[in-house]
Amino acid sequence: ALPATLVTREQADRYCRWRYPRSGGRLPSEAEWEYAATGGGAGLRYPFGERMDPARVHAGARQTLLPVDSLPQGATPQGLLHALGNVAEWTASEAAPYPGSTAVLRPGAIVRGGAANSDLKDLSVTGLVSVPPIGRYAFIGFRSAASVPSASTVKSTDSPSTSSASAKGIALTRGSMKPTPFSSGRASTSSTRSGKRGSAAG
């Protein structure tokens, strides 16, 4: 299945809440997104390590999307697929400077992860852009987040009822964020801002 795109941030969040009502389904915050994309707090620059490997990322002025379960070589150590490239991802966070930062961001919703049409040199897990949350974009989708009991982890296919689109997700434990691998995922361009917030994506 290809990623679900052309949805507003509100529509993406409503889907997450509909799909996982018992687990507090929602869009991840920017900090949650980055925590998952960096290997569960390992502080990686890229989901797969410290150096960019174009063979592990679907990006670089590409105009087509890949299935959500493709490119396993680009996964995080926990198995999260396409944290960078393919489609960027809505987060629940609003654009705001990090503490001590002098960066100027236009008002809007934070999008993380970069997309297929992003330049490879701009991609990293700390890269972001802010865009109007009411927009529908061909290269922006989303990732589901859910709160689960602190002593357990969750596994999910994150697949809606149609075969043409899938939302991918991260599972979070109460009080801390622990991503778990999913068998399919991703519904969801990126400039780089120095520093990390909280830890997360687009």
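**Briefing: salt bridges, cores and loops of a predicted model**

Ala61 is found in the loop between α2 and β1, where helices (H or I, at least four residues) and strands (E, at least two) are DSSP runs numbered from the N terminus. This is a predicted model, in which local features need pLDDT of at least 70 and side-chain atom pairs count only at pLDDT 80 or more, while totals for chains, interfaces and linings use all residues. Residues are numbered from 1 along each chain as its sequence is written, and side-chain values use heavy atoms, with hydrogens and water left out.

**Confidence**

- The average pLDDT of the protein is 77, and 73% of the residues score at least 70; pLDDT is the predictor's confidence in each residue, from 0 to 100.
- Confidence is highest in β1, at a mean of 97, and lowest in strand β7 (residues 191–192), at 33.
- The pLDDT is below 50 over residues 151–202, a stretch that has 210 contacts in the model beyond near neighbours in sequence; contact means heavy atoms within 4.5 Å.

- Ala61 has a phi near 60°, a positive value in a residue other than glycine.
- At 57% relative accessibility, Ala61 counts as exposed; the classes are buried (under 20% relative accessible area), exposed (over 50%) and partly exposed (in between), with a 1.4 Å probe and protein chains only.
- Leu71 is placed in the loop between α2 and β1, and its phi is also positive, at about 55°, although it is not a glycine.
- Most residues other than glycine have a negative phi.
- Leu71 is buried, with a relative accessible area of 15%.
- His58 lies in the loop between α2 and β1 and is buried, with a relative accessible area of 5%.
- A polar atom of the His58 side chain lies 2.7 Å from the backbone oxygen of Thr64. A polar contact is a pair of N or O atoms within 3.5 Å; within protein, one must be able to donate a hydrogen and the other to accept it, and residues adjacent in sequence count only if both atoms are side-chain atoms.
- Not counting residues up to four places away in sequence, His58 touches Thr64, Leu65, Leu66, Leu71, Gly85, Asn86, Ala115 and Ala116.

**Salt bridges**

- A search of the whole structure finds eight salt bridges, each being a side-chain nitrogen of Lys or Arg within 4 Å of a carboxyl oxygen of Asp or Glu.
- Side chains of opposite charge can pair when their charged atoms come close.
- Asp13 and Arg17 form a salt bridge with an N to O distance of 2.6 Å. The two residues are four apart in helix α1 (residues 9–19), so about one helical turn separates them.
- Asp13 is buried at a relative accessible area of 18%, whereas Arg17 is partly exposed at 47%.
- Glu32 and Arg26 form a salt bridge in which the closest N and O atoms are 2.8 Å apart, and both residues are buried.
- Arg112 forms a salt bridge with Glu34, the closest N and O atoms being 2.6 Å apart. This pair links distant parts of the chain, with Arg112 in strand β2 (residues 109–112) and Glu34 in helix α2 (residues 30–37), 78 residues apart.
- Arg112 is buried, with a relative accessible area of 0%, and Glu34 is buried, with a relative accessible area of 0%.

**Strands and nonpolar cores**

- Strand β3 (residues 127–131) is largely enclosed by the rest of the structure, because five of its five residues are buried.
- Both faces of β3 are covered, with Gly127, Val129 and Val131 buried on one side and Leu128 and Ser130 buried on the other.
- β2 and β3 pair in the antiparallel sense over four bridges, where pairing requires at least two DSSP bridges between two strands. Ala109 stands opposite Val131 in β3.
- The largest nonpolar core has 17 residues, of which Ala12, Leu27, Trp90, Val111, Val131, Ile140 and Phe142 touch the most other members. A nonpolar core is a set of buried Ala, Val, Leu, Ile, Met, Phe, Trp, Tyr and Cys residues joined through side-chain atoms within 4.5 Å.
- At least two residues of this core come from each of α1, β1 (88–94), β2 and β3, and the largest share, three residues, comes from α1.
- Another core, of six residues, lies apart from it and includes Tyr46, Phe48, Val57 and Ala59.

**Loop between α1 and α2**

- Ser29 lies in the loop between α1 and α2 and is partly exposed, with a relative accessible area of 23%.
- The C-alpha atoms of Ser29 and Ala92 are separated by 4.9 Å, although the two residues are 63 residues apart along the chain.
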